[in-house]
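Colleague: Please take a close look at what surrounds the ligands here, and walk me through it slowly.

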Amino acid sequence: MASHHPIWITVVIVFVTALGWGSASAQLSTNFYSKSCPNGLSTVKSVVQSAVSKERRMGASLLRLFFHDCFVNGCDGSILLDDTSSFQGEKTAGPNSNSVRGYNVIDQIKSKVESACPGVISCADIVAIAARDSVVLLGGPSWEVKLGRRDARTASFSLANSGALPPPTSTLSNLTSLFQAQGLSTRDMVALSGSHTIGQARCTSFRPHIYNDSNIDSAFRKTRQGQCPFGSGDNNPAPLDLRSPTAFDNAYFKNLLSNKGLLRSDQELFNGGSTDSLVKTYSNNPKTFNSDFASAMIKMGDIKPLTGSQGEIRKICSKVN
Ligand code: HEM
Ligand SMILES: *[C@@H]1O[C@H](CO)[C@@H](O)[C@H](O)[C@H]1NC(C)=O
Ligand SMILES: *[C@@H]1O[C@H](CO)[C@@H](O)[C@H](O)[C@H]1NC(C)=O
C-alpha cells in the first residue's frame with residue numbers, strides 16, 4: 001500500500017515524523033542524565049541528605065526554592081543568580097528576601113556534581129531533584145523527576161516582585177487565579193499547599209491572619225500572638241504545621257479543619273468555599289494527598305523549562321557562565 005503513495009505524501013510523512021522527534025527531544029525526560037552522568041542523582045541526594053540531617057528545616061527550604069524558581073519565568077534556575085551589573089536578580093525581591101533559604105546547599109550540590117560530570121547537570125534540574133529528595137527524606141511521597149531543564153542567563157527582580165508568587169494574604173480566588181496562570185488547577189494548588197506541612201514562616205507573614213481574621217482557633221491565635229507582637233518581632237519564626245513541623249504528612253489539612261492554619265492563605269482553603277471538600281479528603285486520605293502532591297509537583301516542574309540549545313548549563317549556580 002505505502003509504495004503506491006505519491007512521492008509528496010512520503011515526503012510529508014518524513015517531515016512530520018522529523019518534526020515530532022524535534023519537539024520530543026525538547027521535552028523533559030526522567031532518564032535525561034542516565035548516560036551523561038549516571039551517578040548524578042545519587043550525588044544530589046547525598047548532599048541533600050547531609051544538609052537535612054544537620055537541619056530538618058532545610059528540606060522545607062529546598063522544596064520552597066523550587067516553587068519560587070518555577071513561578072517566576074519557569075523552572076530555569078533564575079532564582080539562584082546573584083545580582084550583576086546587567087541585572088538585579090530575584091533573591092532580593094519581596095517574596096524571597098530574608099525568607100528563601102538553601103542557596104548554599106544548591107551551590108554545594110553543584111560543586112560535587114561538577115567534579116563528577118563537568119558541565120552536564122543544570123542548576124534548574126538540581127533544584128528539582130533536591131525538592132523531591134527533601135520530601136522523601138521527611139517522609140513524603142516520591143516521584144520520578146523529569147529532567148533536561150537548562151539554566152537561564154538572566155534573572156528578573158521585577159518579575160519576582162510582580163505578584164506571580166502568591167502573598168500570604170491571598171484569598172482563595174487570588175490563589176486559584178495565580179496557579180491557573182501557571183497552568184495548574186485548583187486541585188494542584190490545594191495539593192501543593194500541603195507543602196506547608198513542613199517548614200516555618202516569619203511573624204510578618206502570619207501577623208495579618210492572627211490579628212485581623214476571625215476564622216482562627218482562639219487558643220491557637222493567642223499562642224501565636226505571644227511570639228508575634230503587633231508592632232515588633234517581624235522575623236520571629238513559627239512552624240507552618242503545629243502538629244508535626246518536620247514530617248511530610250497530611251497534618252496540614254487536619255489543622256485547617258480545626259482553624260489552625262498559620263497563614264491567611266492556608267485557612268482560605270478551608271473557609272466555607274469550594275475547596276473545603278478536598279481539604280477534608282486529604283485530611284482523611286494521606287494516600288490521595290501523596291499521589292496528588294506528586295503529580296502536581298511534576299506539573300509544576302513542567303512550567304516553561306528552557307530546553308535544547310536555550311540557556312546554558314551553569315558551572316556555578318549563582319553566576320552565569
Ligand atoms: C498557595 C500559595 C502559597 C503561599 C501564599 C505561600 C506562602 C508562604 C509563606 C508566606 C511562607 C513563609 C515565608 C516566610 O515567612 O519567610 C511559606 C513557606 C513555605 N512554603 Fe509556601 N506558599 C504557597 C505555596 C507553596 C508551594 C506551592 C510550595 C511548594 C511546592 C510551598 C512551600 C513552602 C515551604 C516548604 C515553606 C517553608 C520554608 C522554610 O521553612 O524555609 N509553598 N510559604
Ligand atoms: C485578590 O483579588 C482581589 C479581587 O479580585 C484583588 O482586588 C486583590 O488585589 C487580589 N490580591 C492579591 C494579593 O492578589
Ligand atoms: C488589619 O486590618 C486593618 C484594616 O484593614 C489594617 O489597617 C491593618 O494593617 C491590619 N493589620 C494586620 C496586622 O494585618
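Modeller: Let's start with ligand 3, which has Arg207, Pro208, Asn212 and Phe230 around it (a residue counts as near if one of its heavy atoms lies within 4 Å). On its own, ligand 3 exposes 360 Å², and the protein buries 39% of that (areas by the Shrake-Rupley method with a 1.4 Å probe). Its shell splits into two nonpolar residues, one polar and one charged (Ala, Val, Leu, Ile, Met, Phe, Trp, Tyr, Cys and Pro are nonpolar, Asp, Glu, Lys and Arg charged, and the others, Gly among them, polar).

Keep in mind that this is a predicted model, where local features need pLDDT of at least 70 and side-chain atom pairs need 80 or more, while totals for chains, interfaces and linings use all residues. Residues count from 1 along each chain as its sequence is written, chains are lettered from A and ligands numbered from 1 in written order, and side-chain values use heavy atoms, leaving out hydrogens and water.

Now for ligand 1, which has 28 residues around it, with Arg57, Ser61, Ser99, His196 and Ser205 coming nearest. Sorted by type, that shell has 15 nonpolar, nine polar and four charged residues.

Look at the polar contacts next (pairs of N or O atoms within 3.5 Å). Ser61 puts a polar side-chain atom 2.6 Å from an oxygen atom of ligand 1.

Two or more shell residues each come from helix 3 (57-70), helix 7 (172-180), helix 8 (186-193), strand 1 (200-202) and helix 14 (286-301) (DSSP runs numbered from the N terminus, H or I of at least four residues for helices, E of at least two for strands). Helix 3 gives the most, six residues.

Finally, ligand 1 lies between domain 1 (40-165) and domain 2 (172-299), because both give residues to its shell (the bounds come from an automatic or database assignment).

Methods
A polar contact is a pair of N or O atoms within 3.5 Å; within protein, one must be able to donate a hydrogen and the other to accept it, and residues adjacent in sequence count only if both atoms are side-chain atoms.
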